[in-house]
Amino acid sequence: MLSDLISSWAQPGRVEWIGLRPDRRAGLVVADEEGMISTNGLDGDRGRAGKRAVTLIQHEHLAAIGSYLGQGPVSPDILRRNLVISGINLAALKGREVQIGEATLRFTVICAPCSRMEEALGKGGYSAVRGHGGWCAEVVRPGRVTLGGEVQPVD
């Protein structure tokens, strides 16, 4: 059945990168090894409780975005997402609860690019990110996330 296919997944994903946005236009702070997700999002980030508390992007999409710009993979700090995840299709997790380290998130809406992508990536930056900008998530259960930590749907 289609519902069985939609609910299956091949392997856990992995946390590749953790970033904090302390203020709106402030430089992004890269976490060395771990971060704590509270109801407001990652501690030290300017996020707030609700459906956009944490932002995530697919690691594999960094190369796609770069290729649309005629270059190698873009650096995740340019895109200003909180977590970079590899090995599991984030789009397939929309609406589901997802265990990331000790925290549980629910993917809510796509994380659309903002006009700053032209500034950060150059001409065509906004369009390069469209469809590859990642996901926003609400916090279901706070907890610690670490680099290399597993990412998997809650069954």
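Start by selecting helix α2 (residues 59-68), where L62, A64, I65 and G66 are buried. Buried means under 20% relative accessible area, exposed means over 50%, and partly exposed lies in between (1.4 Å probe, protein chains only). Helices (H or I, at least four residues) and strands (E, at least two) are DSSP runs, numbered from the N terminus.

This is a predicted model: local features need pLDDT of at least 70, side-chain atom pairs count only at pLDDT 80 or more, and totals for chains, interfaces and linings use all residues. Residues are numbered from 1 along each chain as its sequence is written, and side-chain values use heavy atoms, with hydrogens and water left out.

**Around α2**

Keep α2 selected and show its cover. The buried residues of α2 are covered by elements including β5 (54-58), α3 (76-79), β6 (83-86), α4 (116-121) and α5 (125-129). Contact here means heavy atoms within 4.5 Å. Then step just past the end of α2 to G70, which takes a positive phi of about 75°.

**Zoom out to the whole chain**

The chain has 5 helices and 11 strands. Its C-alpha atoms fill a box of roughly 40 × 35 × 25 Å along the principal axes. The radius of gyration is 15 Å, which agrees with the value near 15 Å for a compact globule of 155 residues. That radius is taken over C-alpha atoms, and the globule rule is 2.2 Å times the number of residues to the power 0.38.

Color by burial next. Of the 155 residues, 43% are buried. Among contacts with a separation of 6 or more, 75% join residues 24 or more positions apart. Accessible areas come from the Shrake-Rupley method with a 1.4 Å probe; for residues, only the protein chains shown count as cover.

Select residues 97-100 and 103-110. These are β7 and β8, paired in the antiparallel sense over 4 bridges. Two strands pair if DSSP finds at least two bridges between them. Find I100, which stands opposite A103 in β8. The hairpin has 2 residues between its strands, and G101 there takes a positive phi near 60°.

T104 stands opposite R141 in β9.

Now show the side chains of R106 and E138. They meet in a salt bridge (2.8 Å, N to O). R106 lies in β8 and E138 in β9, so the pair ties together parts that are 32 residues apart in sequence. Salt bridges that share partners join E97, R106 and E138 into one network. A salt bridge is a side-chain nitrogen of Lys or Arg within 4 Å of a carboxyl oxygen of Asp or Glu. R106 is partly exposed at 27% relative accessibility, and E138 is partly exposed at 23%.

**The sheet β4-β3-β10**

Move to an open sheet of 3 strands. Its order is β4-β3-β10, with antiparallel pairing. The edges are β4 (41-42) and β10 (143-146); each has a single partner strand, so one side of each lacks a neighbour in the sheet. Strand β3 (residues 34-38) pairs with β4 over 2 bridges. Look for I37, which stands opposite L42 in β4.

Select R144 and E34. Their side chains meet in a salt bridge (3.1 Å, N to O). R144 lies in β10 and E34 in β3, so the pair ties together parts that are 110 residues apart in sequence. R144 is partly exposed at 32% relative accessibility, and E34 is partly exposed with a relative accessible area of 41%.

**Two last stops**

The structure holds 5 salt bridges. One more to select is R14 with E16, whose side chains meet at 3.0 Å, N to O. R14 is partly exposed, with a relative accessible area of 42%. E16 is partly exposed as well, at 29%.

Finish at helix α1 (residues 2-7), which contains L5. At 61% relative accessibility, L5 counts as exposed. With L2 and I6, L5 makes a nonpolar surface patch of about 340 Å². Patches are made of residues with over 30% relative accessible area and no salt bridge: like charges are joined within 9 Å, and nonpolar side chains (Val, Leu, Ile, Met, Phe, Trp, Tyr) within 5 Å.
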